[in-house]
Amino acid sequence: MNFFARFITPTGKATTRRGAAAHPADIRPSPAGGDLPFSADLATTQAHATRPVWQWSLFISLWLASVGNLALWKAISQAEGLSSAQQWVLGLTLGAAIACACWALLNLISWGRAAKPVMMALCWVAAFAACFMLNYGIAIDASMLVNVLQTDVKEAADLLHWSLFVTVGAIAIPPTWWLYRQALPHQPGWRPVLKQLGMVLLAVLAMVVVVMAGFRPISSAMRNHTSLRYMMNPLSTVYAVGNLAAQQIQHRDTTLYPIGEDAKLGASYAAQASFPIYALVVGETGRAGNFATNGYERATTPLLSARRDLAIATNAWSCGTSTAVSVPCMFSHLGRSSQDSGKSYENLLDVLQRAGLAVLWVENQSGCKGVCARVHNANTENDLPAAARKAFCQDGECVDMALLEGLDERINALPAEQRAKGVVLVLHQMGSHGPAYFKRSLSQDKAFSPECNSVNLQSCDRASLINAYDNSVVATDRMLGGLIDWLASKGQRQPTAMMYVADHGESLGENNIYLHGLPYSVAPDVQKHVPWITWLSPAMQQRMALSTSCLQQAVGSARISHDNLFHSMLGLTDVQTALHQPELDIFASCKGRAAASATPPAAARLASAATGPGVRKPG
């Protein structure tokens, strides 16, 4: 110890030249009473030692590439078609590449006093991303970030669980504490800057070498298991942030472009005795495969299944895997291609309102994603009578039966001139929104037990998880059945219609994936295959000169998608505009035709239109 102490000053600096005499001021009394120069304690000397920032970033990068990517290692270990040896080779190669990429990134963005906060922040971001990927099998991309940014307090609370804090803490606290204890080096001049930039170049070169050396296993895995590319933490999050920022810059044209300026009401409005009511239910997180109306073996839709006057589209597909993507897409005249548009356009509701109809959006979720910004709005959370609030709401959240409360009063409050022509009523469900599926149904709807009562879905056995989800479908069945009864109660003369379409589906543990929001290209079909149910009153069938039996045959097995919704609503409401594309209108082939004349070619035409030019084929 004394040997090393001779070369170190009390401030932790080496002597300027070998054998130089100590300055008298540097001599301190020894514990034994002698005057031994430079007798600093080694532990104290080490505490004062500083490390350059590139060493900080190297340690943090190794931590992130290993502990921060537990979800990736788990996914690789469960990947089908990979032997144990292939999994090890892929894991080590990807781990090295991720470490090099993180090292380059941290050296590039960590400078001066900002170095600690930047590295700490990335550790916590990576910890939260790892936690959600581990618990729910989700992936991080730009659309997922949009979901996060648009999540309200209630939705965020549903995701909180003690295991989340344990996982996040285990990943983020150790490197954060290590960084906190590091002394910030003070190295003036350009030399440390050049050294850190040199480390960026070294890290990039090392990453290139690693990727080239392991190109075959990496390229094969990315090709056969594409979801892995969205699980490289925190690189996927950083890339998603950059991608989202680029999208915002590209779409910085904030002008709202009008559409359907030629919209007008068709001939069916000329001599109507009673104004029509068109109810459009925007479902939330509806899995087509869990609806008994679609052939599911469990009785999840007892009320709807008992009816014979419904047109069930069993082959319907969403244009997104999240509410933030699907809802704007559903109401866009561009359909799924709207996601690639650099402009903001008005939507279906604007066209219907411009034609002269009264449009009302009733919200029971986290918002309409801008779709209802220019029409009349109501919200179950704010304007329910006390009795209804007590029956249907708890902790500021209401089940979907609350959507049916006071509908007559809401309609009567709409402008009289528009109401006299017709009413478009849009009900936005809470539906089967996860992970708290058990909150989506009342006690009378809990037909299946035991039920998963946790938001930590992996802690529930799959049977109880499916029970909780299926009970939420039973609640949707009760709500839709009640809506049809209310519409039917308007009498024989008032034409009414109901269309229910879910915004996207849900994963319930298949391949250890939960919830929704995976990138569309890699999302499983259960996140894209949605229920679509239509009901027309006898008066509406007479008004539009079409029959339910014809519609049942036309859409029964034809592949349709959210791209059809805009044009089908224009067809149903008889709003005339050049925007209307009959080949995408599910009602067009049945108008003016008797039930017996509904033929398979009508369904074939729909299926062809749904995958034809200008329309992307889902899946």
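**Cys 452 and Cys 460**

I started with Cys 452, which a disulfide (a pair of cysteine sulfur atoms within 2.5 Å) joins to Cys 460, with 2.0 Å from S to S. The model is a predicted one, so I kept its limits in mind: local features need pLDDT of at least 70, side-chain atom pairs count only at pLDDT 80 or more, and totals for chains, interfaces and linings use all residues. Residues are numbered from 1 along each chain as its sequence is written, and side-chain values use heavy atoms, with hydrogens and water left out.

I looked up the torsion about the S-S bond of Cys 452 and Cys 460; it is about 60 degrees, so this disulfide is right-handed. Then I checked burial, where buried means under 20% relative accessible area, exposed over 50%, and partly exposed in between, with a 1.4 Å probe and protein chains only. Cys 452 is buried at a relative accessible area of 3%, and Cys 460 is buried at 16%.

**The other bonds I checked**

How many disulfides does a search of the whole structure find? I got 5. Counting bonded cysteines along the chain, they follow the pattern 1-2, 3-4, 5-6, 7-8, 9-10.

Cys 393 and Cys 398 form one of them, with their sulfur atoms 2.0 Å apart. The S-S torsion of Cys 393 and Cys 398 is about 100 degrees, so I noted a right-handed bond. Both Cys 393 and Cys 398 are buried.

Cys 550 and Cys 590 are also bonded, sulfur atoms 2.1 Å apart. Their link has -90 degrees about the S-S bond and is left-handed. This pair links distant parts of the chain, 40 residues apart: Cys 550 sits in helix α21 (residues 548–555), and Cys 590 in the loop between β16 (575–576) and α23 (600–610).

**Cores**

Next I looked at nonpolar cores, meaning sets of buried Ala, Val, Leu, Ile, Met, Phe, Trp, Tyr and Cys residues joined through side-chain atoms within 4.5 Å. Which residues touch the most other members of the largest core? Out of its 135 residues, they are Phe 331, Trp 361, Leu 427, Leu 483, Met 498, Met 499 and Trp 532. Helix α19 (residues 462–488) gives this core its largest share, 11 residues.

Leaving aside neighbours within four places in sequence, Met 499 is in contact (heavy atoms within 4.5 Å) with residues including Ala 279, Trp 532, Leu 565 and Phe 587. I also found a second, separate core of 13 residues, with Ile 60, Ala 115, Leu 122 and Leu 179 among them.

**Helices α3 and α9**

Last, I checked helix α3 (residues 53–66) against helix α9 (residues 162–180): they pack at about 170 degrees, axes 11 Å apart. Axes are lines fitted to C-alpha atoms, for helices over the stretch in contact, and angles run from 0 to 180 degrees between N-to-C directions. That makes α3 roughly antiparallel (over 145 degrees) to α9. On the α3 side, the contact is made by Trp 56, Phe 59, Ile 60 and Trp 63; the α9 residues include Pro 174, Trp 178 and Leu 179.

Notes: Helices (H or I, at least four residues) and strands (E, at least two) are DSSP runs, numbered from the N terminus. Angles under 35 degrees count as roughly parallel, over 145 as roughly antiparallel, 65 to 115 as roughly perpendicular and the rest as oblique.
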